[in-house]
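Have a look at the model, then try each task before you read its solution.

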Amino acid sequence: MTRYQSRHNNINLFRDHQRRRGAMAVLIVIILPMLFALVAFFFGVSQMQLARSELRVATDAATRAATEAVLRTGDEELAFQHAAAIAGAHTVISRPCVLERGDVVFGQSKSRVDGEWDFIEFAEPFNAARIDIQKANHTKSGPVQMLFPGFGPSSIATFKTATAGQIDHDLMLVIEAGGSMHSPDRWDGVLETIQQISIASQELPNRIRVGMVVCHNNPFVAKQLGDTDDLAKTLARVSEEIADIKLHQGRNLGDGLRLASDVLERDTSSVADQTIFFLGNGHHTKGTHPATAARLAASRKQIIHCFVFGKNADKNGDMELAAGITGGDFVEVHDFGILPDVLNRVLLNPSIVLIR
């Protein structure tokens with residue numbers, strides 16, 4: 001190959017290289033905006049999903065707060081202010097949520113036998129709240145601002161709705177019966193307590209189902225969980241059946257608590273808080289110790305409240321110990337006049353669930 005040919009080949013190679021570089025430059029000019037657009041698209045989708053997730057968290061938290069506050073205070077405006085503070089503590093894409101008064105509706109939640117819930121707007125007494133939070137141009141929260149407005153809309157609108165309500169309450173009465181329990185200062189207290197429970201169940205907004213276990217020598221279930229309509233009749237029947245039970249047969253209070261706990265545990269027909277009310281003198285004499293039954297109930301997230309009546313009630317402290325293990329109340333009732341307030345406090349179920 002001559003020197004001229006070699007030089008000519010080198011020039012051709014250089015020209016080919018230059019042409020390739022030019023073609024790559026054109027390709028980059030074409031692809032780079034598309035790549036930026038694709039990245040912006042994925043960032044936009046991710047931002048929208050993040051905004052919706054953060055708004056869901058804020059809406060759920062504010063709705064729970066509104067329901068808890070209206071149950072605790074009964075005041076709509078205080079409940080709204082509490083919910084607004086909770087919503088404002090949450091951010092959506094680094095901007096706080098602003099809750100407006102029209103976003104919050106109070107009412108009642110009612111569970112149905114099919115497990116679904118109804119929300120009845122403005123029905124009193126309030127035990128539920130519904131909140132709609134919108135992020136849009138016409139709201140104080142404003143829309144969600146996009147990171148790359150040049151590759152799509154500069155902002156988007158989104159909203160979330162949540163409804164929270166007070167859940168149902170399943171209650172098992174454990175009644176100490178027989179012997180000295182039939183003295184007026186004791187049995188009358190049991191009767192008065194059950195009457196007040198029946199009254200409260202009709203007045204409180206959440207559904208209350210009641211069952212009954214009777215404790216003496218051999219505890220038995222006198223009433224399965226159900227409405228309180230036949231509660232008085234059940235107690236009258238039980239009173240007749242146990243009238244001749246002698247004190248020396250003993251009272252097995254621990255197994256009575258355990259039996260009540262088992263009834264609650266087996267029933268799965270509703271989402272409900274589970275509570276056991278012990279009513280009696282608190283003289284445990286045989287069988288499972290009440291503290292052992294209480295530990296079982298506590299493991300099932302059940303609470304035991306103990307109401308004791310008469311002189312020397314719970315003289316060994318067994319029932320007070322059982323209540324304490326589950327975080328329940330122990331009340332020595334010397335004045336029946338305290339029952340309505342005490343029962344309303346423990347029956348007004350503070351547990352809240354998101355129903356929609």
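**Exercises around β12**

L171 has T275 in β12 as its bridge partner. The model is predicted, with local features needing pLDDT of at least 70 and side-chain atom pairs counting only at pLDDT 80 or more, while totals for chains, interfaces and linings use all residues. Residues are numbered from 1 along each chain as its sequence is written, and side-chain values use heavy atoms, leaving out hydrogens and water.

**Exercise 1.** Find which strand β9 (residues 168–176) runs parallel to, and how many bridges join them.

*Solution.* Start at D168, which stands opposite A272 in β12. Then count along the pair: eight bridges join β9 to β12, and the two run parallel. Strands here are DSSP runs of E with at least two residues, and helices are runs of H or I with at least four, numbered from the N terminus. Two strands pair if DSSP finds at least two bridges between them.

**Exercise 2.** Follow the chain from β12 to β13 and name the helix on the way.

*Solution.* First look at the pairing: β12 and β13 (residues 303–309) are parallel, with six bridges. One of the pairs is L279 with F307 in β13. Next, trace the path: the chain leaves β12, passes through helix α6 (residues 290–299) and reaches β13 in a right-handed β-α-β crossover. Right-handed means that, with the strands pointing away from the viewer, the path from the first strand over the helix to the second runs clockwise.

**Exercise 3.** Work out the strand order of the open sheet and explain why β11 and β14 each have a side without a neighbour.

*Solution.* Read across the six strands: β11-β10-β9-β12-β13-β14, with mixed pairing. β11 (220–226) and β14 (330–333) stand at the edges with a single partner strand each, so one side of each has no neighbour in the sheet.
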